[in-house]
Amino acid sequence: MSIAVESLGFFMAALGLLMLGVTLPNSYWRVSTVHGNVITTNTIFENLWYSCATDSLGVSNCWEFPSMLALSGYVQGCRALMITAILLGFLGLFLGILGLRCTKIGSMDLSRKAKVAAIAGALDMLAGACGMVAISWYAVNITQDFFNPLYVGTKYELGPALYLGWSASLLCILGGICLCSSCCCASQEDPTARAQLTYKTSTVVMPTATSDEGDSSFGKYGKNAYV
C-alpha cells in the first residue's frame, strides 16, 4: 500500500510541476473588468512579463514591460517565487525518480531510497508553497485595487491562470506529503536490515550418567539384587 501512495504522490507532484510551468507564461493572470463601464472598446490582460490589449475587432497587441526595476515590488517578488518553485519542483522530480521503490537505479537499499524520497517530498512541498505564495500575493493586489474606491487606474479581475496556479501548488503540496508519509514504513520493510539482525541460539545441556554412578549402584545393592 505504501508503494501505491508513494507512486501517487510522485505523479501528483509531477502534474503540479507541469501545471506550474503552464501557469508562468500564461497571459491571463489578470483581466480588465467591465464592471462600471458603460462602453467597453478593448480588453486588457496581463501576466508577470507583458501586457496585451484586444480591441473590438479581436486584434491583440502585446508589449513587454520595458524595465524590471520600474515594476511593482510584488510583480518582481512573484517572478522570483514562481521561478524558485519550478526549480525546486524539477529537483524534487529528479530525486523522486531515484527514491521510488518501484525503480531500480544503482545499488540503493530501501532505507536509503526512503531518505531520498523524503527529501524529494520536502522539495515538492516547498515548491508548492512558493507557488501558492506567489499566486496569492498577486491575487491580493488585484482585489485591493478592485475594491479601493479611490483607485483611478484600470481595475482588473482574477484571471484563469491564477486558478490554474492554485491547483498546481496544491497538487505539489499533496504530492510531497504523500512521498514523505509513505517513506516512514520503508525502513521496516527493508530485507537487508532484517538480515543484519543476529540471533543467539539457545543451547541445552543434557546430563550424562558417569560410570562412577553405575559402579556405586552395583556396590550398594550387589549383583544379586537384580536377579
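Guide: Let's start with one residue. Phe45 is found in strand E2. The model is predicted, so keep that in mind throughout.

Visitor: Is Phe45 buried or exposed?

Guide: Look at the relative accessible area; under 20% counts as buried. Phe45 has a relative accessible area of 7%, so Phe45 is buried.

Visitor: Which residues does Phe45 touch?

Guide: Leave out residues up to four places away in sequence. Phe45 then touches Ser27, Tyr28, Arg30, Val31, Ser51, Cys52, Thr54 and Ser60. Now look further along the chain. Gly159 is 114 residues away from Phe45 in sequence, yet their C-alpha atoms are separated by 8.2 Å.

Visitor: How do I read the strand pairing around Phe45?

Guide: Look for the bridge partners on each side. Phe45 is the partner of Val31 in the pairing with E2. In E3, the bridge partner of Phe45 is Cys52.

Visitor: How many bridges join E2 to E3, and how many join E1 to E2?

Guide: Four bridges join E2 to E3, and these strands run antiparallel. Two bridges join E1 to E2, also an antiparallel pair. Between E2 and E3 there is a hairpin, made through three residues.

Visitor: What joins E3 to E4?

Guide: Five bridges do, and the strands run antiparallel. E3 covers residues 50-54 and E4 covers residues 60-64. One of the pairs is Thr54 with Ser60 in E4. E3 and E4 form a hairpin too, with five residues between them. Check the turn: Gly58 has a positive phi of about 90 degrees.

Visitor: Let me step back. How many helices and strands are in the chain?

Guide: Count six helices and five strands. Then read them in sequence order: α-β-β-β-β-α-α-β-α-α-α.

Visitor: What does UniProt list as "transmembrane region"?

Guide: The entry is unreviewed, and UniProt lists residues 7-24, 80-100, 116-140 and 160-186 there. Residues 7-24 are 94% helix and 0% strand, with end C-alpha atoms 26 Å apart. Residues 116-140 are 100% helix and 0% strand, and the end C-alpha atoms are 36 Å apart.

Visitor: How do I read a nonpolar core?

Guide: Ask how many residues it holds and where they come from. The largest one here has 24 residues. Those with the most contacts inside it are Leu20, Trp29, Leu48, Met82, Tyr138 and Leu162. Helices H1 (2-23), H2 (73-99), H3 (110-147) and H4 (160-182) are the elements that give two or more residues to this core. Apart from it lies another core, of seven residues, among them Phe10, Leu100, Leu123 and Leu179.

Visitor: How much of the chain is buried?

Guide: Buried residues make up 33% of the 227 residues. Now take the contacts between residues at least 6 apart in sequence: 66% of them join residues at least 24 apart.

Visitor: How many salt bridges does the structure hold?

Guide: Two. For each one, find the partners, then ask which parts they link. In one, the side chains of Glu6 and Arg101 meet at 3.8 Å, N to O. Glu6 lies in helix H1 and Arg101 in the loop between H2 and H3, so the pair ties together parts that are 95 residues apart in sequence. Glu6 is buried, at a relative accessible area of 1%. Arg101 is buried as well, at 14%.

Visitor: Which side chains meet in the other one?

Guide: Those of Glu46 and Arg30, at 2.5 Å, N to O. Glu46 sits in strand E2 (residues 43-46) and Arg30 in strand E1 (residues 30-32), 16 residues apart. Glu46 and Arg30 are both buried.

Visitor: Where is confidence lowest, and where is it highest?

Guide: Check the pLDDT. The chain averages 81, and 77% of the residues score at least 70. Confidence is lowest in helix H5 (residues 191-195), at a mean of 46, and highest in H2, at 94. Over residues 192-204 the pLDDT is below 50, and this stretch has three contacts beyond near neighbours in sequence. Over residues 209-214 the pLDDT is also below 50, with zero such contacts.

Conventions. Residues are numbered from 1 along each chain as its sequence is written. This is a predicted model: local features need pLDDT of at least 70, side-chain atom pairs count only at pLDDT 80 or more; totals for chains, interfaces and linings use all residues. Side-chain values use heavy atoms; hydrogens and water are left out. UniProt positions are given in the numbering used here, feature names are shortened, and annotations may be inferred rather than shown by experiment. A nonpolar core is a set of buried Ala, Val, Leu, Ile, Met, Phe, Trp, Tyr and Cys residues joined through side-chain atoms within 4.5 Å. Buried means under 20% relative accessible area, exposed over 50%, partly exposed in between (1.4 Å probe, protein chains only). A salt bridge is a side-chain nitrogen of Lys or Arg within 4 Å of a carboxyl oxygen of Asp or Glu. pLDDT is the predictor's confidence in each residue, from 0 to 100. Contact means heavy atoms within 4.5 Å. Two strands pair if DSSP finds at least two bridges between them.
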